[in-house]
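Let's take a look at some salt bridges together. Have the sequence and the 3D view open while you read.

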Amino acid sequence: MNKPLALKLAPTTLSEVIGQKHLLGKGKILTNLVKNKKLFSMILYGKPGIGKTSIANAIVKDLNLRYRFLNATINTKKDLDIVIEEAKMYDGIILIMDEIHRLNKDKQDILLPQLESGLITLIGMTTSNPYHSINPAIRSRCQLFELKELETDDIIEGLKRAIKHPDLKGIKIDNKSIELIAKLSGNDLRYAYNLLEVAYYATDNKTITEDEIRKINNKPVFFADKNGEGHYDVLSGLQKSIRGSDVNAALHYLARLIVEGDLDSIYRRLSVIAYEDIGLANPAIGPRLDAAINAAERVGLPEARIPLGTIVTEMALSPKSNTAHTAFDEAIKDIEEGNVGTIPKHIKTNAKDYKYPHDYKGAFVIQQYLPDKLKNKKYYHPKDIGYEKNIKEIYERLEKIKGQGN
């Protein structure tokens with residue numbers, strides 16, 4: 001079997017790992033662990049192609065430790081049992097487990113006691129945020145190390161190493177072509193290696209030019225896996241940019257989602273933003289967003305970008321208020337904490353002494369609606385911004401009338 005170049009270039013020692021200088025190098029955490037010949041259970045997390053597997057393999061090779069590699073999705077309980085028996089035979093083993101966030105409860109129940117006893121030392125790897133996706137019992141027994149996204153210079157360094165590999169004998173490539181591959185890789189070193197290898201074998205004379213590279217791929221790759229954390233990072237970037245009224249950043253993250261073609265996620269997230277971040281400051285934004293979504297659905301891509309770009313621009317520059325949903329969250333918190341009380345008799349079903357507001361001037365009459373326990377509770381605190389300024393005036397006038405008891 002002819003292994004891909006990316007696999008052949010995998011580091012065999014920590015000193016060969018590219019990037020991750022916050023963890024690797026003189027005086028850094030992982031380098032010192034290897035130097036001191038001591039290993040603890042850990043979870044390495046970060047985007048694809050940035051060195052999780054490389055670091056895990058390099059650690060065990062540097063320490064010359066017995067290890068086994070499993071994938072939490074593919075490997076079974078039986079596979080895990082075999083590793084445990086081997087650990088007992090050799091008084092310990094290193095278990096490198098990919099996609100650790102996929103570990104189901106049955107496997108967790110088998111693994112946890114072995115981690116607790118130290119029989120197994122775990123090196124888990126995941127593209128997901130371990131604070132959200134990994135069982136707390138597993139997480140509490142591991143040190144968490146975040147791997148940072150590689151920089152363009154890191155990718156270029158890797159490519160310059162790669163062109164010296166015997167598999168690419170006779171390769172001719174200039175710096176501009178290397179830089180183009182790095183740019184197209186979306187900071188994924190594995191992808192950069194693969195693109196380089198394809199370009200090498202796709203030419204007649206082993207000469208790789210910018211034109212040849214663009215024939216293979218002319219669209220930058222960025223990590224936005226619909227089922228992974230990177231995708232939600234982009235959605236988070238979109239929401240935070242709109243919330244922060246940065247229209248340029250908002251359009252950038254919208255563009256990434258449009259290029260990915262994930263319209264459904266755009267629709268859902270914009271609908272949340274309309275009510276969570278803009279809310280009563282501009283209540284017309286909800287219907288306007290619905291109209292933009294309907295238009296986008298009707299025309300499809302690529303034209304869908306036009307109504308979506310328009311509405312995102314408006315949303316970013318709209319006045320913002322979160323008062324309505326934070327008020328409601330406070331009400332929910334009271335319910336969850338048992339802070340409720342009895343509904344006043346006069347507003348219960350068929351109550352005889354209920355005052356019907358429409359029978360009074362201004363369709364308003366003073367009467368108690370909240371339970372006695374909460375009768376002075378104020379959930380809503382309006383902002384003096386946008387349309388909500390008008391609501392605030394009405395709210396404060398009604399509260400003043402209530403205070404006067406008239």
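Which residue's side chain meets that of Lys8 in a salt bridge? The partner is Asp167, with N and O 2.4 Å apart. A salt bridge here means a side-chain nitrogen of Lys or Arg within 4 Å of a carboxyl oxygen of Asp or Glu. This pair links distant parts of the chain, 159 residues apart: Lys8 sits in helix H1 (residues 5–8), and Asp167 in the loop between helix H8 (152–162) and strand S6 (172–173). Helices (H or I, at least four residues) and strands (E, at least two) are DSSP runs, numbered from the N terminus.

A quick word on the source: this is a predicted model, where local features need pLDDT of at least 70, side-chain atom pairs count only at pLDDT 80 or more, and totals for chains, interfaces and linings use all residues. Residues are numbered from 1 along each chain as its sequence is written, and side-chain values use heavy atoms, leaving out hydrogens and water.

Next, Arg243 pairs up with Glu276, their closest N and O atoms being 3.5 Å apart. Arg243 lies in helix H12 (residues 229–243) and Glu276 in helix H14 (residues 263–278), so the bridge ties together parts 33 residues apart in sequence.

How open are these residues? Partly exposed lies between buried (under 20% relative accessible area) and exposed (over 50%), using a 1.4 Å probe and protein chains only.

| Residue | Relative accessible area | Class |
|---|---|---|
| Lys8 | 33% | partly exposed |
| Asp167 | 24% | partly exposed |
| Arg243 | 36% | partly exposed |
| Glu276 | 24% | partly exposed |

In total, the structure holds 20 salt bridges.
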